[in-house]
Amino acid sequence: MDDMQSSRPEPDQSGVTQPSRSSKHRERGSKSPRRRREAKRPPRRGETACRPPPPPGQRDELAVHTGTGTATETETPEDGSPKRLNWLFKRAHFLHGPCPATHFGPKACILPNPTSVMHIQDPASQRLTWNDPPSNVLVIRKIRDESLLEPFKELCRFLVEEKQMMVYVERRVVEEGSLSDDQLFGSICNQLCTFREGFDDISDCIDLIICLGGDGTLLYASSLFQGSVPPVMAFHLGSLGFLTPFKFESYKTEVTKVFEGNAAITLRSRLKVKVVKAALQEQPLREGDGEEHNGFLPLPLLPAHGPPCGEAGKVTLQLQVLNEVVVDRGPSSYLSNVDLYLDGRLITSVQGDGVIVSTPTGSTAYAAAAGASMIHPNVPAIMVTPICPHSLSFRPIVVPAGVELMITLSPDARNTAWVSFDGRKRQEIQHGDCIKITTSCYPVPSICCHDLVYDWFESLAQCLHWNVRKRQAGLAHPSDSSDTEN
């Protein structure tokens, strides 16, 4: 162990461990992760949420009216280039949500479909392709699981020695005692590039993500990329494995196929969530204002004017969520009472244990346990599911992916609420605060084992035992029927 620690390279000033590399790896020095910059990088090609509208002079051209907007087709230029189709929307939001980014990481994208007119392709035609051969792979392993040590070693050895890939792993994975004591794995360990979550930015240098674990491992991989997400290949080595379709027994064949391209992918939409803290009006407290009456504390002072979360609000947290956003009563014994807005209009008040706002991917998670329907991940929608509502007629609803939901505490709510994101982060909200939720333009491209339809129904049958029951036995003889007996 001492020999291995002495041969391990020291981290540089950026906090990222640079391994000892071969001549091929030294040429990729610019691919190492770097600190998060305060200034945002300009969007790459294909990452813009929607195509900008044409100049005003082009709006008088041939128009095709649809139910959600107007499509205008420009005249053919003199150089003979094909016509361009622009969509002019009268609505503030598109029913299908923002146009998803079709470039995933530095080198992956969706194979273009020339027959597609709108920006949403046929899900069956979503195929992965590479602009350049992938070279940097991020391997994420479930922590504190001894059964995953050997698969992790085999995969890293295969990627480094046979595929000549640069492999990125978390620093805590390499520093784990049982892994650092392995002398035979020391040569491979020295060639791994390590990073720390929250300190090192690897979003611009990862071409492919390989997950070893369960569904929580894929959720964690999604949280590492708040912008464009590289393609994710998940192996079923966890408890449930609803989102992990690949079996590790054939990992060499499956990984090689992905490197060659033309693999089916499922674009799992995410939610863009903002927690906005409202500026409260400062007033001096009168005598007795801070006292407790009948077990209740006085309500916080609200802004004197303006709607909830006005311009005076301050965004304290912004996240990309893959499964769901949960607003509940937390440790309080009283009911939560929150208001639900849709595109700025009050829709209903939720009185109960809380409310779940989930993606189609999250419809098979907490929302399914709360009584919601299960939705295929390619359906553009947002689900709103109450948790133990006091109104029995309050059933789960599905709204278009393009709307913006806003959740605030009701004025007569006597306690605060808590909001959690994919079960990882948790924050308290008070009166005047709000949570704004809409569909993100950065989905998670999940690589399919077979295709997006077969994989999903296979997961329903194998993991959730959907519609699985013992067959009713048939009658052996007609005389056995009770209605034929005298």
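I began with the fold and counted 10 helices and 27 strands in the protein chain; these are DSSP runs, helices being H or I of at least four residues and strands E of at least two, numbered from the N terminus. I kept in mind that this is a predicted model, where local features need pLDDT of at least 70, side-chain atom pairs count only at pLDDT 80 or more, and totals for chains, interfaces and linings use all residues. Residues are numbered from 1 along each chain as its sequence is written, and side-chain values use heavy atoms, with hydrogens and water left out.

Next I checked burial: of the 486 residues in the protein chain, 45% are buried (under 20% relative accessible area, with exposed over 50% and partly exposed in between; 1.4 Å probe, protein chains only).

Then I turned to E324, which sits in strand β17 (residues 324-328). E324 is buried yet has no salt bridge (a side-chain nitrogen of Lys or Arg within 4 Å of a carboxyl oxygen of Asp or Glu). I found R426 to be the nearest side chain of opposite charge, 10 Å away; Lys and Arg count as positive, Asp and Glu as negative, and His and the chain ends are not counted. Leaving out residues up to four places away in sequence, E324 touches several others, including I356, Y366, F421 and D422 (heavy atoms within 4.5 Å).

Last, I looked up W466, in the segment after α10 (452-462). I noted W466 as partly exposed because its relative accessibility is 43%.
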